[in-house]
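Hi,

Here is the structure I promised to pass on. Have a look at it first, and then read my notes below.

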Amino acid sequence: MIMVRRFKKSFDEKIVHRNVSFDVEAGECLGLVGGSGTGKSVILRSLIGLEKPDSGVISIDGERINRYNERQLIPIRKKVAYVFQGGALFDSMNVFDNLAYPLREHSEMTRSEIADRIREQLAEFGLEGSEKLMPAELSGGMQKRVGLARAIITRPKVVLYDEPTAGLDPYNTKKIQEMILRLKSKGVTSIFVTHDMPSAFAVCDRLALLLNGEIRASGTIDDMKSDPNGILQRFINGSFTN
Ligand SMILES: Nc1ncnc2c1ncn2[C@@H]1O[C@H](COP(=O)(O)OP(=O)(O)OP(=O)(O)O)[C@@H](O)[C@H]1O
Ligand SMILES: [Mg+2]
């Protein structure tokens with residue numbers, strides 16, 4: 001479903017990605033881990049065309065999107081949802097309008113169909129009755145859940161999660177893990193960027209470690225857990241600064 005080959009990207013003189021290659025199979029959840037500033041968010045943004053690689057290939061569901069213009073990217077962005085690191089809710093809109101926005105923009109649904117979908121989606125996330133609240137009135141954990149609810153309300157085939165559990169208490173973390181697992185059981189393909197290793201172990205099928213501009217280790221969770229001197233273990237133990 002997702003193929004990245006020889007992805008290179010620099011900002012000014014700073015080389016962030018030297019040579020990044022990985023695949024995500026349909027229905028799989030790939031955990032992408034790596035230190036702060038290694039370029040995980042830039043990879044996710046590139047997968048929906050918000051950043052362009054300097055070179056390399058990005059393919060989504062068989063389409064090479066590297067050189068796609070904004071118009072060509074519209075169907076890709078319907079297929080691939082991005083759950084932003086900060087939630088990225090529209091501050092001036094209440095929860096209902098935040099969730100309605102992508103449906104009004106990207107679907108032919110009627111007003112009552114939209115209202116039904118939003119009610120159903122909020123209930124699934126334990127957010128019943130929060131339609132009228134403004135983002136500023138929500139706790140951080142609720143904001144993240146509303147952000148995730150908005151990202152998946154159009155029923156995308158692929159979901160890119162950018163640190164969805166960062167800063168959350170155990171209850172909200174568990175809720176997010178459950179949502180990701182539920183989407184996976186429906187066949188959604190995903191990439192889960194995180195520093196939260198217990199959540200990565202709970203939801204991902206495979207892990208890939210981004211280090212010094214390359215994927216330095218990848219494998220199933222069991223492979224990586226059972227290799228105690230392995231590179232992933234050293235990353236988790238804090239042996240790498242970047
Ligand atoms: N638009 C931009 N202009 C200039 N530099 C950028 C831009 N976007 C990202 N960078 C740089 O690219 C590097 C990677 O950024 P990115 O946000 O992808 O890191 P990250 O791995 O997601 O980090 P974190 O775990 O802290 O979220 C950083 O050094 C950042 O400063
Ligand atoms: Mg990031």
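**Around the ligand**

By class, the residues in the shell around ligand 1 are three nonpolar, eight polar and four charged (Ala, Val, Leu, Ile, Met, Phe, Trp, Tyr, Cys and Pro count as nonpolar, Asp, Glu, Lys and Arg as charged, and the others, Gly among them, as polar). This is a predicted model, in which local features need pLDDT of at least 70 and side-chain atom pairs count only at pLDDT 80 or more, while totals for chains, interfaces and linings use all residues. Residues are numbered from 1 along each chain as its sequence is written, chains are lettered from A and ligands numbered from 1 in the order in which they are written, and side-chain values use heavy atoms, leaving out hydrogens and water.

The shell holds 15 residues (a heavy atom within 4 Å of the ligand), and the closest are Lys14, Ser36, Gly37, Lys40 and Ser41. Helix α1 gives the largest share, four residues (helices are DSSP runs of H or I, at least four residues, numbered from the N terminus).

There are polar contacts too (N or O atoms within 3.5 Å). An oxygen atom of ligand 1 lies 2.7 Å from an N or O atom in the Lys14 side chain, and a nitrogen atom of the ligand is 3.3 Å from one in the side chain of Arg45.

**Helix α5**

Ten of the 13 residues of α5 are buried, so this helix is largely enclosed by the rest of the structure (buried means under 20% relative accessible area, with a 1.4 Å probe and protein chains only). Among them are Gly141, Val146 and Leu148.

Best wishes

Conventions:
A polar contact is a pair of N or O atoms within 3.5 Å; within protein, one must be able to donate a hydrogen and the other to accept it, and residues adjacent in sequence count only if both atoms are side-chain atoms. Helices (H or I, at least four residues) and strands (E, at least two) are DSSP runs, numbered from the N terminus. Buried means under 20% relative accessible area, exposed over 50%, partly exposed in between (1.4 Å probe, protein chains only).
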